[in-house]
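Dear colleague,

Please find below the structure that I am handing over to you.

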Amino acid sequence: VQAFQYLLSRLMSLLVCYSMCDISQLDRECFPHLDLAHISLESLQHLEGTSARRNIVLQWVQRLVVEKSRSGIIDIAPPILSRVFQEFSIGYVHMIDANKITTV
């Protein structure tokens with residue numbers, strides 16, 4: 001459980017960092033994030049080479065939650081798990097809307 005929490009917090013931190021970078025048009029170094037020690041170097045290099053960083057990190061978060069739910073690491077009732085994904089979706093829509101505002 002602790003490893004799941006550790007990785008999830010790092011991925012969410014990275015997602016917020018990339019979202020703020022996209023909204024503000026600044027470099028990633030301008031926004032702090034938690035250390036990325038448990039994310040592979042290959043994965044981080046893949047992120048740096050694409051413009052869809054937010055999408056990829058969000059998919060990693062969703063995949064992590066599904067994998068840990070299936071393996072029993074996190075025991076979440078299906079309606080609550082569904083709500084988790086709904087909140088991810090709502091948050092993503094808000095990030096897109098914020099990005100639209102900055103490009104006007």
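Arg10 is found in helix H1, which covers residues 2-24; a helix here is a DSSP run of H or I of at least four residues, a strand is a run of E of at least two, and both are numbered from the N terminus. This is a predicted model, in which local features need pLDDT of at least 70 and side-chain atom pairs count only at pLDDT 80 or more, while totals for chains, interfaces and linings use all residues. Residues are numbered from 1 along each chain as its sequence is written, and side-chain values use heavy atoms, with hydrogens and water left out.

Arg10 counts as buried because its relative accessibility is 13%. The term buried means under 20% relative accessible area, exposed means over 50%, and partly exposed lies in between, for a 1.4 Å probe and protein chains only. Leaving aside residues up to four places away in sequence, Arg10 touches Leu34, Asp35 and Leu36, where contact means heavy atoms within 4.5 Å. Arg10 also lies over the face of Tyr6, at 3.6 Å from the ring centre. For this, NZ of Lys or CZ of Arg must be within 6 Å of the ring centre and within 35 degrees of the ring normal.

As to the whole, the protein has 4 helices and 0 strands, and its pattern along the sequence is α-α-α-α. The C-alpha atoms fill a box of roughly 45 × 30 × 20 Å, taken along the principal axes. Of the 104 residues, 32% count as buried. Among contacts between residues at least 6 apart in sequence, 64% join residues at least 24 apart.

How do the helices pack? Axes are lines fitted to C-alpha atoms, for helices over the stretch in contact, and angles run from 0 to 180 degrees between N-to-C directions. Angles under 35 degrees count as roughly parallel, over 145 as roughly antiparallel, 65 to 115 as roughly perpendicular and the rest as oblique.

The axes of H1 and H4 come within 9 Å and cross at roughly 20 degrees, so H1 is roughly parallel to H4. In this contact, Met12, Leu15, Ser19, Asp22 and Ile23 of H1 meet Phe88, Met95, Ala98, Asn99 and Thr102 of H4. By class, there are 6 nonpolar, 3 polar and 1 charged residues. Here Ala, Val, Leu, Ile, Met, Phe, Trp, Tyr, Cys and Pro count as nonpolar, Asp, Glu, Lys and Arg as charged, and the others, Gly among them, as polar.

Helix H3 (residues 53-71) packs with helix H4 (residues 78-103) at an angle of about 175 degrees, their axes being 12 Å apart. The two are therefore roughly antiparallel. The residues of H3 that meet H4 include Leu58, Val61 and Val65, and those on the H4 side include Phe85, Phe88 and Tyr92. This contact has 10 nonpolar, 4 polar and 1 charged residues.

The count of aromatic pairs comes to 1. The ring centres of Phe85 and Phe88 are 6.0 Å apart and their planes are at 70 degrees, so the pair is edge-to-face. Rings of Phe, Tyr and Trp (its six-membered ring) pair if their centres lie within 6.5 Å; planes under 30 degrees apart count as stacked, over 60 as edge-to-face and the rest as tilted. Phe85 is partly exposed at 23% relative accessibility, whereas Phe88 is buried at 15%.

With kind regards
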